[in-house]
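Look at the sequence and the model below before reading on.

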Amino acid sequence: QVQLVESGGGLVQSGGSLRLSCAASGIIFSHYDMGWYRQAPGKQREFVATITSATTGHIINYADSVKGRFTISRDNAKNTMYLEMNSLKPEDTAVYYCNAQSSLRTVYWGQGTQVTVSA
């Protein structure tokens, strides 16, 4: 059974920092492209950042809105992905979801973790 479990969300003031984690089980983690997405109230889920599998060289991409503030990383030995979020803004408030995608386009999602940034 595949599980993606996010943690690390919470309430933080504008300008603050949070570190999200996504612990994966039931998959060969290093073979999967991993990503973070977010969904704010009343809006569609949007891309935040991705990091590709070990076999494709851990290529990283960020949404323009988070470049320079967020850092995605992964530890294949721990089957865990991270999102370091700095200089947080109220518009970063959303539920953050972990995503895993295989080379065969099989996709898994976590249950999400709430991030709230107060002004």
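The paragraphs below go from strand pairing to the nonpolar core and then to the aromatic rings.

This is a predicted model. β4 and β5 form a hairpin with six residues between them. In the turn, glycine 42 has a positive phi of about 75°.

In a regular strand, side chains alternate between the two faces of the sheet. In soluble globular proteins, nonpolar side chains tend to be buried together. The largest nonpolar core in this model has 29 residues. Met34, Trp36, Met81, Leu83, Met85 and Tyr96 have the most contacts inside this core. Several strands supply at least two core residues each, among them β3 (18-25), β7 (70-75), β8 (80-85) and β11 (113-118).

What does methionine 34 touch, not counting residues up to four places away in sequence? Its partners include Leu4, Cys22, Phe29, Ala49, Ile72, Met81 and Cys98. Serine 21 is found in strand β3. Serine 21 is buried, because its relative accessible area is 18% and buried means under 20%. Leaving out residues up to four places away in sequence, serine 21 touches Val5, Glu6, Ser7, Trp36, Thr80, Met81 and Tyr82.

Now turn to the rings. A search of the whole structure finds three aromatic pairs. One of them is tyrosine 37 with phenylalanine 47, edge-to-face, at 6.0 Å centre to centre and with 65° between the planes. Because tyrosine 37 lies in strand β4 and phenylalanine 47 in strand β5, this pair ties together parts that are 10 residues apart in sequence. Phenylalanine 47 counts as partly exposed, at 30% relative accessibility. Tyrosine 37 also forms an edge-to-face pair with tryptophan 109, at 5.2 Å centre to centre and 70° between the planes. That pair links distant parts of the chain, since tryptophan 109 is in strand β10 (residues 107-109), 72 residues apart from tyrosine 37. Tryptophan 109 is partly exposed too, at 38% relative accessibility.

Two arginines lie over ring faces. Arginine 19 is over tyrosine 82, at 4.1 Å from the ring centre, and arginine 74 is over phenylalanine 29, at 4.6 Å from the ring centre.

Definitions and conventions: Residues numbered from 1 in each chain as written. Predicted model: local features only at pLDDT ≥ 70, side-chain atom pairs only at ≥ 80, totals over all residues. Heavy atoms only, no water. Pairing = 2+ DSSP bridges. Helix = DSSP H or I, 4+ residues; strand = E, 2+ residues; numbered from the N terminus. Core = buried A, V, L, I, M, F, W, Y, C linked by side-chain atoms within 4.5 Å. Buried < 20%, exposed > 50% of the residue type's maximum accessible area, 1.4 Å probe, protein only. Contact = heavy atoms within 4.5 Å. Phe/Tyr/Trp six-rings, centres within 6.5 Å; stacked < 30°, edge-to-face > 60°. Lys NZ or Arg CZ within 6 Å of the ring centre and 35° of its normal.
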